[in-house]
Amino acid sequence: MKKITAYLSNHIIATSVIFLWIKTVIVTLLCFDLTIVSWLDIVLLIISPIGTLMLIIGISFLFSKRVHPISLIVIYVLVTGLLYANLLYYRFYIDFVTVSVLLQLSNVGGLGPSTVELLSPFDVLIFIDIFIIGFLVFIMRKKRKQIIMPGKRKYALSGLGMIAITIGIGVIQHPYLLETEYDREQLVESLGLYNYQLVNMIYGVKAPIEKVLSDEADAKAVNTNIQTHATEPTDTFGIAKGKNVILISLESTQNFVINETVNGEEITPFLNDLIKDSFYFSNIYDQTAQGKTSDAEFMVDTGLYPLPSGSVFVRRPENEFQSLPLILKENADYKAYTFHGNDAEFWNRDQMYRTLGYDHFYSKKNYDITEENSINYGIKDIPFFEQSMDELSELHKPYMAKFITLSNHFPFLLDEKDQMIEPANTKVDVVNRYITTVRYEDAALKRFFELLKEKGMYKDTLFVIYGDHYGISKKYEAGVHELLGQDNTALNHLGLQQVPLIIHMPGQEGRIVDTIGGEIDIRATLLHLLGIPNDHYVSLSKNLFTRDNDKPVIFRDGGMVTSDYAYLDNVCYDRNSKQTVDSKKCSPYLDLVRKELQISDSIIMGDLFRFLNEER
Ligand code: GP9
Ligand code: MN
């Protein structure tokens, strides 16, 4: 034992690199659900961390004569922290940390109440080797041993060489790898977790420069690239002209809860009834990314995609946009308002709402919040709607008022007195609780509609109600599959990415619209109903009343779905046979996916509306 200890401490650098390497490979293989298609994928996963780890650990001696034991330990702990941060983040979001996510932590208050839910007792194992390295360093110091590292150049070159080989193989295997920064799973799979972080940092540095480098020519190119079709007439064009618009963002609400029962009880009795007299869009997909609720808001307001990393609300609040509030003002003398019971700074909303043209934001400080009437992130949905009524009745008409609900947020906490339905009894507690918080949200909507009717404010209003994004992440999804009695397959997972979209106009006849679409399409559909032609404005939103089922609904990670095909985690599926098929079948759609995402990103990162608005 003594001999081994002495050997390891004499070779402390190699020991550190190897320990971190093994730990990283184990976490990558066991804890990240990566799609492994070939042996080369496994080989890449195994070799990819070596080069970067060599260079990172090398910082402890590359710039001095000897190994610095303390800096070695600090670096070791930092790398472990990075690995663990990625693991925690992945557990919930099934995504990897980006520089933008780290920078926006102050705007979103971290993972908030959700963090504890994500810890596992086995996580201790990730930290055990730190003590071994600490012990080896202690022995070194006790023996007053100084480690002089010969062959530093060779060491650095080997590290760089390993990185170059990894990136080289990755790019040969996936030619678009470095152009599609949003496909983080592919980046991690091909480059390894640490090289991915490195590449991500380069994207981060590139971002601010993009605005400076963009000019009118880029804006013109965007304009010609977006084929805005003249508004196709339908029987719905302008049916809601001049009406007040109430938009309701339903926190974490997935479409599977609609018309679904638990223990013989409907989960959403109010919404199920409302649908009967509404347009119910039954095939709408969540397209949000790391900006969650704010991404959904951004899509509805601008008809552009969220950014590949971070939230546009946080990263680009000083941009110009052609947003819904501004369009409604320009065309029909509307004013726009937002109501949300959380801090105004969360997701940088206070700043971004001004940019988007909202006239006033009623946030946490406008509500009477007590311990009794709040839970999790803020005021409960029922008092939220109740307390909003006075302000709402005073607004300038016509108005667009956006309400962002909050109670149905992970980890789905609810006081017993607010529980109106028994929890489900699947193996997954989070899912069981989710049923109760969704029901609470449904009851809050019921209450809101009652109050609007009481105050005579219901009739002249068009309601747009949408689920903002998934609530049950992949980690807990087994419970939903169990509830629905379906297998845990990629296509069933895709089905769970659907969110409800209900557009209700008092007095209308109900209609189920099963056209395939995404959240980005809400804006064009709403403008169509309000009788405002969408083709005067630059956006990627498509009217759901005329949308083509063969046009892909695009996901921010580069995936897509049409009525016949789906491309998920770099695998192509035939949705009719439910089989995986040659990726060539998906290729024509993927060209459009890359094109649309690129256009959207260049508009946002280049702040191209600076030029586009000037031309109007
Ligand atoms: C917070 C609320 C929830 O204000 O919008 O945010 P989310 O975590 O869903 O983005
Ligand atoms: Mn949300």
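What follows is a short tour, from the whole chain to a few single residues.

This is a predicted model, so please read it as a prediction throughout. The protein chain holds 23 helices and 19 strands. Its radius of gyration is 26 Å, close to the 25 Å that the globule rule gives for 616 residues, so the chain is as compact as a globular protein of that length.

**The whole chain**

- Along its principal axes, the C-alpha trace of the protein chain spans about 85 × 60 × 50 Å.
- Buried residues account for 57% of the 616 residues in the chain.
- Take the contacts between residues at least 6 apart in sequence: 76% of these join residues at least 24 apart.

**The nonpolar cores**

- The largest nonpolar core has 98 residues, and Phe339, Leu392 and Phe403 touch the most other members.
- Helix α18 (residues 429–454) gives the most to this core, contributing 12 residues.
- Both domain 1 (2–210) and domain 2 (238–551) supply at least three residues each to this core.
- What is Leu392 in contact with, leaving aside its neighbours within four places in sequence? Its contacts are Ile246, Phe339, Tyr399, Ala401, Phe403, Phe448, Leu452 and Met457.

**The eight-stranded sheet**

- Strands of a sheet pair through backbone hydrogen bonds, either parallel or antiparallel.
- In this model, an open sheet of 8 strands shows mixed pairing and runs in the order β7-β6-β10-β1-β11-β12-β4-β13.
- β7 (360–362) and β13 (511–513) stand at the edges; each has a single partner strand, so one side of each is left without a neighbour in the sheet.
- On average, and with direction ignored, neighbouring strands of this sheet are turned by 15° against each other.
- Strand β1 (residues 244–250) pairs with strand β11 (residues 461–467) in the parallel sense, over 7 bridges.
- Which residue of β11 is the bridge partner of Leu250? That partner is Gly467.

**Helices lying across the sheet**

- Helix α13 (residues 292–302) lies across β1, β10 (399–404) and β11, and runs at about 160° to β10.
- Helix α18 lies across β1, β10, β11 and β12 (501–504), and runs at about 165° to β1.

**Backbone details to look for**

- Most residues other than glycine have a negative phi, and most peptide bonds are trans.
- A cis peptide bond joins Lys397 and Pro398, with omega about -5°. Pro398 sits in the loop between α17 (381–393) and β10.
- The peptide bond from Phe410 to Pro411 is also cis, with omega near 5°. You can find Pro411 in the loop between β10 and α18.
- Asp333 is a residue other than glycine with a positive phi, near 55°. It lies in the loop between α15 (324–332) and β6 (335–340).
- Trp347 is not a glycine either, and its phi is positive at about 60°. Trp347 lies in the loop between β6 and α16 (349–356).
- Are these two residues buried or exposed? Asp333 is exposed, with a relative accessible area of 51%, whereas Trp347 is buried, with a relative accessible area of 7%.

Note on methods: Residues numbered from 1 in each chain as written. Chains lettered and ligands numbered in written order. Predicted model: local features only at pLDDT ≥ 70, side-chain atom pairs only at ≥ 80, totals over all residues. Heavy atoms only, no water. Core = buried A, V, L, I, M, F, W, Y, C linked by side-chain atoms within 4.5 Å. Buried < 20%, exposed > 50% of the residue type's maximum accessible area, 1.4 Å probe, protein only. Helix = DSSP H or I, 4+ residues; strand = E, 2+ residues; numbered from the N terminus. Domains from an automatic or database assignment. Contact = heavy atoms within 4.5 Å. Pairing = 2+ DSSP bridges. Axes fitted to C-alpha atoms, helices over the stretch in contact; angles between N-to-C directions. Rg over C-alpha atoms; globule rule 2.2 N^0.38 Å.
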